[in-house]
Amino acid sequence: VPQVRDLPPCLVELNLANNDIRDAGVSQMCDALRHANVQLHILRLQRNRIQCQGAEALSRFVSRSRVPLEELHLSHNLISFTEALQLIRSACRREDYAMKRKPLWLRLERQQVRWTDFERSEELQMERVREIVTNMTDELLHNAPPDLEVNGPLLCLVRRTGRCSARYCEHQHKSGPFVHLPYL
């Protein structure tokens with residue numbers, strides 16, 4: 001992992017996919033990025049055997065980074081369902097996602113640990129995803145500032161329409177969504 005002094009200030013995309021970084025490497029990387037004067041927009045960490053501690057470090061980074069990430073690619077890791085929800089909550093705590101009118105593109109599909117709620121048919125999986133999104137939306141609304149005006153979804157299930165992308169959200173409105181969840 002590079003030292004803070006070695007990171008160029010123009011670093012906007014960092015692709016460390018397929019590097020077997022694991023939790024310790026992700027934690028060190030998040031600390032270095034947080035202390036560096038970079039404006040990182042895209043972080044690709046798929047296939048790195050990231051587990052609980054790495055996901056927790058990423059949650060802290062998402063909530064405290066200098067600028068909000070636009071894309072965070074974490075597919076094909078070992079992130080549990082609980083840590084996945086924590087990552088989503090961390091992004092939702094940043095008001096910049098609603099203010100920028102561009103949600104975080106958060107890739108969490110194909111984790112190499114079983115998400116017990118997702119061992120069913122695809123139709124039942126999507127039903128469970130919708131239920132989780134509804135519960136998280138209720139939680140977000142409960143903890144939201146009283147003046148938050150919500151006239152659309154706070155979490156976008158990209159699969160629903162296929163028209164959303166990392167650069168565009170079909171469901172964008174004044175206060176959200178905060179996070180895109182593609183390919184779950």
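Arg47 sits in the loop that links β2 to α2. Helices (H or I, at least four residues) and strands (E, at least two) are DSSP runs numbered from the N terminus. The model is predicted, so local features need pLDDT of at least 70 and side-chain atom pairs count only at pLDDT 80 or more, while totals for chains, interfaces and linings use all residues. Residues are numbered from 1 along each chain as its sequence is written, and side-chain values use heavy atoms, with hydrogens and water left out.

**Confidence and overall make-up**

pLDDT is the predictor's confidence in each residue, from 0 to 100. Its mean over the chain is 83, and 84% of the residues reach 70 or more. Confidence is lowest in helix α4 (residues 96-100), with a mean of 70, and highest in strand β2 (residues 42-44), at 97. Where pLDDT is low, the predicted coordinates should not be read in detail.

The chain has five helices and six strands, which follow the pattern β-α-β-α-β-α-α-β-α-β-β along the sequence. Of its 184 residues, 50% are buried; buried means under 20% relative accessible area, exposed means over 50%, and partly exposed lies in between (1.4 Å probe, protein chains only). The accessible surface comes to about 9,700 Å², with 46% of it belonging to carbon and sulfur atoms. These areas come from the Shrake-Rupley method with a 1.4 Å probe, and for residues only the protein chains shown count as cover. A contact means heavy atoms within 4.5 Å. Among contacts in the chain with a separation of 6 or more, 78% are between residues 24 or more positions apart.

**The sheet**

Six strands form an open sheet in the order β1-β2-β3-β4-β6-β5, with parallel pairing. Its edge strands are β1 (13-15) and β5, each of which pairs on one side only. Two strands pair if DSSP finds at least two bridges between them. Strand β3 (residues 71-73) is joined to β4 by three bridges, and the two run parallel; here Leu72 stands opposite Leu106. β4 also pairs with β6 in the parallel sense, over two bridges, and Leu104 has Val179 of β6 as its bridge partner.

Within β4 (residues 104-107), Leu104 and Leu106 point one way and Trp105 and Arg107 the other, and all are buried.

**The nonpolar cores**

A nonpolar core is a set of buried Ala, Val, Leu, Ile, Met, Phe, Trp, Tyr and Cys residues joined through side-chain atoms within 4.5 Å. The largest one has 45 residues, and those with the most contacts inside it are Leu58, Leu72, Leu74 and Leu106. At least two residues of this core come from each of α1 (22-35), α2 (52-64), α3, β4 and α5 (122-143). Helix α3 gives the most to this core, with six residues. Apart from this core lies another, of six residues, among them Cys156, Cys164, Ala166 and Cys169. In soluble globular proteins, nonpolar side chains tend to be buried together.

Helix α3 (residues 81-92) has 12 residues and reaches 17 Å from its first C-alpha to its last, close to the 16 Å expected at 1.5 Å a residue. The expected span is 1.5 Å times one less than the number of residues. The buried residues in α3 include Leu85, Leu87, Ile88 and Ala91. Leu106 touches both Leu87 and Ile88, and its other contacts include Leu72, Leu74 and Val179, not counting residues up to four places away in sequence.

| Residue | Relative accessible area | Class |
|---|---|---|
| Asn18 | 52% | exposed |
| Arg47 | 44% | partly exposed |
| Asn48 | 0% | buried |
| His173 | 7% | buried |

Asn18 lies in the loop between β1 and α1 and has a positive phi of about 60° although it is not a glycine. Arg47 likewise has a positive phi, of about 55°, and is not a glycine. Most residues other than glycine have a negative phi.

Asn48 is placed in the loop between β2 and α2. Residues that Asn48 touches include Asn18, Asp20, Arg22 and His76, not counting those up to four places away in sequence. Asn48 and Val26 are 22 residues apart in sequence and 9.0 Å apart in space, C-alpha to C-alpha.

His173 is in the loop between β5 (155-156) and β6 (179-180). Its C-alpha is 6.2 Å from that of Gly152, and the two are 21 residues apart in sequence.
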